[in-house]
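Hi,

Here is the structure I promised to pass on.

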Amino acid sequence: MWYHVAKPSEFLVITGKGIDELKIAKKAMVWPFQKCEKIDVTPVNYTFEVNAMSTEKLSFLLPAVFTIGPRADDHSSLVKYARLLSLHQRNSHDVKELVQGIIEGETRVLAASMSMEDVFKGTKDFKREVFEKVQLELNQFGLLIYNANIKQLVDVRGHEYFSYLGQKTQMEAANRAKVEVAEAKMKGDVGSKQREGLTIQNAAKIDVETKVITAQRKGKGKMEEIKVGSEVKIFENQQEAEVSEANAKLATKKAAWSQQAKMAEVLAEKAVAIREAELQQEVERKNALTKTENFKAQFLSRANVESEIKVQEANSEYYQKQTAADAILYEKQKLAEARRIEADAETYAKKQAADAAFYAKKKEAEGLVAFAEAQGIYIRTLLSALGGNYIALRDYLMINERIYTDIAKYNAEAIRGLQPKITIWSTGVSEGEMTDGTHIGKGNGAMKEMASLYSVIPPLLQTVYEQTSMLPPPWLSTCSTNLTTSTESA
């Protein structure tokens with residue numbers, strides 16, 4: 001067990017028993033089965049030369065110096081750094097390759113979206129965008145860019161864009177200088193001549209202005225003298241007028257004060273008389289009010305007594321009517337309650353009867369269902385015993401239920417009391433003679449057959465009439481007579 005303290009630029013990373021992942025602290029007690037490592041958060045400089053290419057397919061070198069270190073003021077960033085990079089030395093090849101790969105990747109992507117002119121002229125914006133994109137990638141490792149310095153762009157061998165651009169700038173500067181020297185010489189010659197002419201013009205102008213100013217000053221002096229004299233006279237006249245006006249105002253005020261004094265005396269006398277009259281009137285009014293109040297008190301007391309008597313009578317009558325109404329209401333309520341109880345009882349009885357009927361029907365239905373189930377089991381057992389022969393099963397059930405006996409009984413009952421009359425006739429007719437003795441020719445075989453057929457009809461109709469009391473239709477008897485006549489003639 002040891003007590004560890006980190007340096008100002010270091011942190012303690014503790015892992016082991018009792019710690020879920022890792023613990024970051026400046027000082028801590030390290031217990032058995034725990035391990036403590038120190039990480040240095042001092043920023044480190046990384047110098048690179050990034051080979052990038054613009055949208056015009058022009059390559060260039062971008063020298064850059066980045067000062068990068070762990071984010072010491074953020075606990076989560078320290079945890080990321082301790083978990084991912086604490087085992088590597090900050091100046092090691094692995095860390096340098098990691099940082100260089102991030103910077104080169106973001107710089108190339110950004111440069112590929114810009115032209116060479118944009119990269120060259122917008123160095124400040126280019127630096128800011130590279131800084132922001134690289135910082136986003138370094139956040140996942142808990143690193144922070146403390147400073148970024150992008151140096152002047154450098155040509156790649158075989159792509160001397162900046163050299164040619166410098167030569168172009170130098171030639172333009174030399175030509176511009178020659179033009180400016182010639183323009184300066186021309187301006188010098190022209191300017192000297194202009195200066196001489198302006199000197200002569202200004203000298204003449206100054207002489208004229210001097211004479212004008214002198215004359216103006218003399219005229220202004222005389223005008224000032226006249227103005228001062230007139231102002232003095234005006235002031236004296238104003239003072240005399242003010243004195244006269246003050247004297248007149250004083251006389252007017254004296255007269256007004258005298259009039260006010262006299263008016264005040266008269267008003268005082270009249271006010272005394274008016275006050276005496278008002279007091280006398282007030283005394284008389286008080287006396288009248290006193291008498292009025294006395295009369296009011298008498299009439300009011302009498303009216304109050306009568307009013308109380310009437311109120312008591314009205315209350316008594318109201319109480320009697322209310323008592324009678326309450327009695328009627330109570331009687332009606334009790335009657336309604338009794339009817340409701342009677343209706344409830346009747347309803348309950350009907351409900352109980354309906355429940356009993358329902359229960360009986362339910363039990364009857366259950367008995368039928370049970371009987372049907374037993375019959376089904378019984379029939380299935382018989383069918384199984386008879387080997388699945390449905391005809392044998394049907395015959396057995398009809399014999400077992402005495403159906404054949406019942407059928408014979410019903411048939412005997414049906415023909416009992418009929419007293420049948422049996423008529424026997426023969427269709428055997430000899431040649432040339434019918435059953436009724438009629439003779440037929442020998443060669444007429446068809447007529448003989450017809451005569452033999454119709455000889456059956458009369459006995460048949462007679463039998464039907466005897467059994468059912470029904471006569472044949474008239475046309476049938478007429479047809480039979482005609483046929484017999486035609487047979488005889490034949």
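Predicted model: local features only at pLDDT ≥ 70, side-chain atom pairs only at ≥ 80, totals over all residues.

The largest nonpolar core has 36 residues. Ile24, Phe66, Ile68 and Ile103 are the ones with the most contacts inside it. Several elements supply at least two residues each, including the strands β2 (10-16), β6 (44-53), β7 (59-70) and β8 (143-150). In general, nonpolar side chains tend to be buried together in soluble globular proteins.

Leaving aside residues up to four places away in sequence, Phe66 touches Val44, Asn45, Tyr46, Ile103, Val130, Ile145, Asn147 and Ala148. Apart from this core lies another one, of 8 residues, with Ile14, Ala25, Ala28 and Val30 among them.

Next, have a look at helix α6 (residues 390-400). At its start, a side-chain oxygen of Asn389 comes to within 3.2 Å of the backbone nitrogen of Ile391. After α6 comes Arg402, with a positive phi near 60 degrees. Arg402 sits in the loop between α6 and α7 (403-415), and it counts as exposed because its relative accessibility is 53%.

Phe33 also has a positive phi, near 65 degrees, although it is not a glycine. You will find Phe33 in the loop between β4 (27-30) and β5 (34-40). Is this phenylalanine buried or exposed? With 73% relative accessibility, Phe33 counts as exposed.

Happy browsing, and write back with any questions!

Conventions
Residues numbered from 1 in each chain as written. Heavy atoms only, no water. Core = buried A, V, L, I, M, F, W, Y, C linked by side-chain atoms within 4.5 Å. Buried < 20%, exposed > 50% of the residue type's maximum accessible area, 1.4 Å probe, protein only. Helix = DSSP H or I, 4+ residues; strand = E, 2+ residues; numbered from the N terminus. Contact = heavy atoms within 4.5 Å. Polar contact = N/O pair within 3.5 Å; in protein donor to acceptor, adjacent residues only side chain to side chain.
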